[in-house]
Amino acid sequence: MLIGVIADDFTGASDIAVTLSKGLAGEGGLHTTQYLGIPQQPATADVEAGVIALKSRSLPAAKAVQQSLAACEWLLDQGCTQIVFKYCSTFDSTDDGNIGPVLDALAARLEARRVIVCPAFPAMGRTVYQGNLFVHDRPLNESGMEHHPLTPMKDADIRRLLARQARTRVSHIRWQQVVQGSEQLRETLQAYSEDEPQLLVVDALSDHDLTIIGVAAAEARLISGGSGIALGLPHNFISAGKAQGDSRKFPAIAGPSAILVGSCSGATRGQIEEHQKHHAVLAIEIQDVMAQRIHADDVVNFILAHQDDCPLVYSSGDPTSVRQAQQQFGQHNISQRLDQLFGDSARKLVYEAGIQRLVVGGGETSGAVVSALDLGCLQVGREIDPGVPALFAQRDRPLALALKSGNFGRRDFFSHALKVLAASGD
């Protein structure tokens, strides 16, 4: 294994896995496997990039650090020479962490004196300029992320955010330095290593910028960012003759399907609205979940009764209704109950009802679902939409999945994803 990735949620893991798998145009990427939690056995010899999906984004910082270090140890044992810490391109974290504390711990373990911090993902409108994170034309704290139920983002300045979270000194590399090219940027990075250990917030406005950064970081032990930070990394290993470029084919799976959605993002609400114009949709009310008036069997029965109509079950809401529910029942209690409901539903759908195509919306929901399914690892297939790959579980009965972050995907994503999973071998 050449590159090891530690991702703080399951959809983010899929996002960077497909980036590593496809690589730069004309070169191909790395043979990439996504692991659902820290594996208990060694990787197979053909894996060139391993992505460990943790559900650590919303954990207490100390527990997130513990899990991230354990993941790092497993990846190092597989022979990885470069570690990537993957977090959301909207830098989802609070002033208590978890991004800063995890970076501190990983940098200390790997003796990394300079660590790139770049959450930019231009394909989804996320860019970093003068150290500030933008979502399209708006600063992060005016993009809607200020209303996130778990990690409300109140500041767009990544330097200030990190300084409140991390012990390591925070510095900044401007876009004007990035566009001078990989060789010049490599020299700039090297100069920082002569000083005390530092977290380097690096500007990026385009995929070209991210490729420059990735190529410049060829020798870096530790890199951090959104999935875009991995754009140039396969090139480093392919050009050095350590990898050949992955060109595997995956099967088409056209069996029974289900869509489970637990995201409250504006993009996901719009996708649900679009889906229900043409397909079967069931809304789950928080009050019914908390009062135990709805159970996994109700979800399964709805899905099975509407198999000809791309059935979707969701729990979502606008920021006002979400805040009201949190005030009434408590944020942690709601998350715990919804995770249990969606996890139990997924397990029944796959192992009892024979569902073979499963699309999940929302990072926390995706984590709950794949944890409940206990799949071990997933092979990374073609890209459905930017940042969302087709994933395949190696089981007696084939299973194809798509795990979508809340803000990702075209407006008709859910039906589109099912079509792609049914045609992946084309």
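## Aromatic pairs

Five aromatic pairs occur in the structure, where rings of Phe, Tyr and Trp (its six-membered ring) pair if their centres lie within 6.5 Å, and planes under 30 degrees apart count as stacked, over 60 as edge-to-face and the rest as tilted. This is a predicted model, in which local features need pLDDT of at least 70 and side-chain atom pairs count only at pLDDT 80 or more, while totals for chains, interfaces and linings use all residues. Residues are numbered from 1 along each chain as its sequence is written, and side-chain values use heavy atoms, with hydrogens and water left out.

## Tyrosine 35 and tryptophan 74

Tyrosine 35 and tryptophan 74 pair edge-to-face, at 5.1 Å centre to centre with 65° between the planes. The pair joins distant parts of the chain, 39 residues apart: tyrosine 35 belongs to strand S2 (residues 32–36) and tryptophan 74 to helix H2 (residues 61–77). Helices (H or I, at least four residues) and strands (E, at least two) are DSSP runs, numbered from the N terminus.

Tyrosine 35 is buried at 6% relative accessible area, and tryptophan 74 is buried at 9%; buried means under 20% relative accessible area, exposed over 50%, and partly exposed in between (1.4 Å probe, protein chains only).

## Phenylalanine 121 and phenylalanine 408

Phenylalanine 121 and phenylalanine 408 also form an edge-to-face pair, with 5.5 Å centre to centre and 70° between the planes. Phenylalanine 121 lies in the loop between strands S5 and S6, and phenylalanine 408 in the loop between strand S18 and helix H15, 287 residues apart. Phenylalanine 121 is buried at 8%, as is phenylalanine 408 at 4%.

## Aromatic cluster

One aromatic cluster is formed by Phe85, Tyr87 and Phe91.
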